[in-house]
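Me: I would like to go through this model by question and answer. Let us take the pockets, the cavity and the aromatic rings in turn.

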Amino acid sequence: MATSLLRKKPGLHPLLFRFLSLLSPAAQSRSAGTLAFEELRASPDQPYQSTAIVIHGLLGSARNWRSFSRNLLSTLPSPFDWRMVLVDLRNHGKSAEVEGLGPPHDLTNAAKDLADLVKSQGWSWPDVVLGHSLGGKVALQYAESCARGDYGESAVLPKQLWVLDSVPGDVSPEYSDGEVEKVLHTLQNLPPTVPSRKWLVNHMVELGFSKSLSEWIGSNLKKSGDRETWAFNLDAAVEMFKSYRERSYWSLLEQPPKDMEIAIVRAENSDRWDPDTVQRLESLAARERGGSEGKVAVHVLPKSGHWVHADNPRGLLEIVAPRIASL
């Protein structure tokens, strides 16, 4: 059941005023074999005009983006006109329990899951798609497949595509510290159930991982009897990461579809960006384009590492909100 609408108190700054109703995934009417999702709206009783889909990163879930999405919605000039749909990607969160999301577990199918969800719910196609890390490349694949006609004649491209600290080309280990690979390797070598979250956090810290990262990994555990198991499908998530590293979307950025803006947000302190990629993106953003093409924009988020919504959420809002409000 949806939570009641909180009343705004005079004098509160919009970013501190969380007046949004949150519908839990269990409250949604969702067809079998489609992604689990959460919906954020200023009021479930008023009609909305526009939709933004928000996509988390590897080993994450929709809940990672609740706070940022609430604040983004409350910052918009007309929040009642918008809704935010936060999805759990296949093999992640509550979607890990969904039957019918079969292999191959790659970006093409992860993006198709979004289109299948829209169709199954009878929604209008989203105006904005925003993805972080792995989710950023799922967003790029969604736009590429949609432009190609893979989702049918009724499909409409988003007006804005936000790619948050996700390298659009193939990912070379040369320009990464390999932390993701180390985490995945470590998790794959653990038993399928662990004694407790505390045990896992201590174990990962002993292996040299940071306390914050270890605790975040621990937050992905769920109770299974008297032990803990993963809230994600680990082996399938590894397949998705492999697809993420191998796929390139430079051709989409070279010729973005008409009337669509692809906005790349690069975190200032992220280790995922090599100089050639940065220069190539800046050249694409500076290119003069005719009316038959969309455009590419590049933003740098200061004082932030890869975890943009946690490291500098206010700075990210200041980049994203004005552009979405302009639609």
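Me: How do the residues lining the largest pocket divide by class, and how many are charged?
Reply: This is a predicted model. The lining of the largest pocket has 18 nonpolar and 15 polar residues. The charged residues in that lining number seven.

Me: Which residues lie nearest the centre of the largest pocket?
Reply: The pocket holds about 830 Å³ of space. Its lining counts 40 residues. Nearest the centre are Glu179, Leu213, Arg272, His306 and Trp307.

Me: Which helices each supply at least two residues of the lining of the largest pocket?
Reply: The protein chain has eleven helices and eleven strands. Those that each give at least two residues to this lining are helix 1 (66-75), helix 4 (179-188), helix 6 (211-218), helix 7 (234-246) and helix 10 (308-311).

Me: What is the volume of the second largest pocket?
Reply: Its lining comprises five nonpolar, six polar and seven charged residues. The volume of the second largest pocket is about 270 Å³.

Me: Of the residues that line the second largest pocket, which are the closest to its centre?
Reply: The lining has 18 residues. Closest to the centre of the second largest pocket are Ser61, Arg63, Asp88, Gly93 and Lys94.

Me: How many cavities of 30 Å³ or more are there?
Reply: A cavity is space where a 1.4 Å probe fits but cannot get out. The largest cavity holds about 30 Å³ of space. With 30 Å³ or more as the cut-off, the count is one.

Me: Which element gives the largest share of the lining of the largest cavity?
Reply: The lining consists of Arg266, Val278, Leu281, Glu282, Val298 and Val300. By class, four are nonpolar, none is polar and two are charged. Helix 9 (275-286) and strand 11 (295-301) each supply at least two of the lining residues. The largest share, three residues, comes from helix 9.

Me: How are the rings of tryptophan 65 and phenylalanine 68 arranged, and why?
Reply: The structure holds six aromatic pairs. In this one the ring centres are 5.5 Å apart, and the planes meet at 85°. Planes over 60 degrees apart count as edge-to-face. The pair of tryptophan 65 and phenylalanine 68 is therefore edge-to-face.

Me: Are tryptophan 65 and phenylalanine 68 buried or exposed?
Reply: Buried means under 20% relative accessible area. Both tryptophan 65 and phenylalanine 68 are buried.

Me: What arrangement do tryptophan 230 and phenylalanine 232 form?
Reply: Their centres are 5.1 Å apart, with 15° between the planes. Planes under 30 degrees apart count as stacked. The pair of tryptophan 230 and phenylalanine 232 is stacked.

Me: Why does tryptophan 230 count as buried?
Reply: The cut-off for buried is under 20% relative accessible area. Phenylalanine 232 counts as buried because its relative accessibility is 6%. Tryptophan 230 counts as buried because its relative accessibility is 10%.

Me: Which residue lies over the face of tryptophan 123?
Reply: Elsewhere, lysine 137 lies over the face of tyrosine 244, at 4.9 Å from the ring centre. Over tryptophan 123, the distance to the ring centre is 4.2 Å. The residue over that face is arginine 83.

Me: What share of the residues in the protein chain is buried?
Reply: Among contacts between residues at least 6 apart in sequence, 76% join residues at least 24 apart. The protein chain has 327 residues. The buried share is 53%.

Terms used:
Residues numbered from 1 in each chain as written. Predicted model: local features only at pLDDT ≥ 70, side-chain atom pairs only at ≥ 80, totals over all residues. Heavy atoms only, no water. Phe/Tyr/Trp six-rings, centres within 6.5 Å; stacked < 30°, edge-to-face > 60°. Buried < 20%, exposed > 50% of the residue type's maximum accessible area, 1.4 Å probe, protein only. Lys NZ or Arg CZ within 6 Å of the ring centre and 35° of its normal. 1 Å grid on protein atoms, 1.4 Å probe; cavity = no way out; pocket = protein on both sides within 12 Å on 5 of 7 lines; lining within 4 Å. Points joined across faces, edges and corners; volume = space filled by probe spheres on them. Helix = DSSP H or I, 4+ residues; strand = E, 2+ residues; numbered from the N terminus. Nonpolar A, V, L, I, M, F, W, Y, C, P; charged D, E, K, R; others polar. Contact = heavy atoms within 4.5 Å.
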